[in-house]
Amino acid sequence: MSSGYELYYWPGLQGRGEFVRLAFVEAGVEFTEVIDKSNVPKLLSLIKEGTLDGKPISHLPLAPPILKHGDVVIAQTAAILLYLGSKLNLAPADEADKIWAHQIQLTITDFVLEIHNTHHPVDNAKYYEDQKEEAKAYAKSFREGRLPKFLGYFERILERNPKGPNHLVGDAITTEDLALFQVVTGLLHAFPKAAKRVLESVPRVAALHKAVGERPRIKAYVEGDKRIPFNQTGIFRCYPELDD
């Protein structure tokens, strides 16, 4: 039986859609990846005209990922994960902890944007090659400052979790744990030298990344053929000249 969850995202990209996919994978819940190369205009009409299957919608998305579940249409990764958390048993039960978890997810969203900006620091519409020198300067600042700052922040969260350092919030896995796993995995792809060096100083973050990667459904997904590989059109791009 279909769960009724439909994900709209650019075909061939992990991108921000991967944070949503990982939640479904961990929960063992089926979803439909609506967009492929044959029907990209359907996504374009949704984000440019606010129409879905020829009908206008009132909750207008600016950009994907977009989740449709029945009559509910949600954009923005953090908002989608806030919606899915309780439905997939990937959110804390306590209301204050839910808000705290959402705060962490929004911080991860900020981090993801800064990672993206390492290869597009000037103009998203231009090619990397058109801003390569600016990217080198930005990436250097990122590696030396922002990368250890963000990972150090998540390390402190794990250290101060009253339920122990195995999860960011509470004593069970949440969408925030999955999101941090995806970020660290992406960093190890994009900045193998810098990420490995910084991870040595944040052992709790490294341990969380390893533990999530060993969860049966996540491990099977990551090692299987359903996961879209990292590539040079996504968020986490490997340019050796930006790593050190």
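1. Start with the lining of the largest pocket. Helices α3 (77-87) and α4 (95-117) each supply at least two residues to that lining. The largest share comes from α4, with 7 residues. Keep in mind that this is a predicted model.

2. How big is the largest pocket? Its volume is about 720 Å³. There are 29 lining residues, and the closest to the pocket centre are Tyr9, Trp10, Arg16, Ala63 and Pro64. By class, the lining of the largest pocket holds 16 nonpolar, 10 polar and 3 charged residues.

3. Helix α2 covers residues 40-48. Its buried residues are Leu43, Ser45, Leu46 and Ile47. What do the buried residues of α2 pack against? They pack against three strands: β1 (5-8), β3 (51-52) and β5 (66-69). Gly50 follows α2 and has a positive phi, near 65 degrees.

4. The side chains of Lys42 and Asp53 meet at 3.1 Å, N to O. Lys42 sits in α2 and Asp53 in the loop between β3 and β4 (55-56), so the bridge ties together parts 11 residues apart in sequence. Lys42 counts as partly exposed, at 27% relative accessibility.

5. Now the other salt bridges. The count comes to 12 salt bridges. One of them joins the side chains of Lys136 and Glu133, at 3.6 Å, N to O. Both residues lie in helix α5, 3 residues apart, which is about one turn of the helix. Lys136 is partly exposed, with 33% relative accessibility. Glu133 is exposed, with a relative accessible area of 54%.

6. A further bridge reaches across the sequence. Asp244 and Arg143 form a salt bridge whose closest N and O atoms are 3.9 Å apart. Asp244 lies in the segment after α9 and Arg143 in helix α5, so this pair ties together parts that are 101 residues apart in sequence. Arg143 counts as buried because its relative accessibility is 10%, and buried means under 20%. Salt bridges with shared partners also join Glu18, Arg21, Glu33 and Arg227 into one network.

7. Aromatic pairs come next. The count is 9 aromatic pairs. Phe111 and Phe154 form a tilted pair, 6.3 Å centre to centre, with 45 degrees between the planes. Where in the chain do Phe111 and Phe154 lie? Phe111 is in helix α4 and Phe154 in helix α5 (residues 132-160), 43 residues apart, and the pair links distant parts of the chain. Phe111 is buried, with a relative accessible area of 0%. Phe154 is buried as well, with a relative accessible area of 0%.

8. Another ring pair is stacked. Tyr128 and Tyr239 lie 3.8 Å apart, centre to centre, with 15 degrees between the planes. Tyr128 is in the loop between α4 and α5, and Tyr239 is in the segment after α9. This pair links distant parts of the chain, 111 residues apart. Tyr128 and Tyr239 are buried.

9. Which residues do ring pairs link into a cluster? They are Phe111, Phe142, Phe150, Tyr153, Phe154 and Phe191.

10. Last, Cys238. Its place is in the segment after α9 (216-223). Cys238 is partly exposed, because its relative accessible area of 26% falls between the cut-offs of 20% for buried and 50% for exposed. Which residues does Cys238 contact, leaving aside its neighbours within four places in sequence? The contacts are His189, Ala190 and Gln232. Ile47 of α2 is buried, and Cys238 is 191 residues away from Ile47 in sequence. In space, the two are 29 Å apart, C-alpha to C-alpha.

Note on methods. Residues numbered from 1 in each chain as written. Predicted model: local features only at pLDDT ≥ 70, side-chain atom pairs only at ≥ 80, totals over all residues. Heavy atoms only, no water. Helix = DSSP H or I, 4+ residues; strand = E, 2+ residues; numbered from the N terminus. Buried < 20%, exposed > 50% of the residue type's maximum accessible area, 1.4 Å probe, protein only. Contact = heavy atoms within 4.5 Å. 1 Å grid on protein atoms, 1.4 Å probe; cavity = no way out; pocket = protein on both sides within 12 Å on 5 of 7 lines; lining within 4 Å. Points joined across faces, edges and corners; volume = space filled by probe spheres on them. Nonpolar A, V, L, I, M, F, W, Y, C, P; charged D, E, K, R; others polar. Phe/Tyr/Trp six-rings, centres within 6.5 Å; stacked < 30°, edge-to-face > 60°. Salt bridge = Lys/Arg side-chain N within 4 Å of Asp/Glu carboxyl O.
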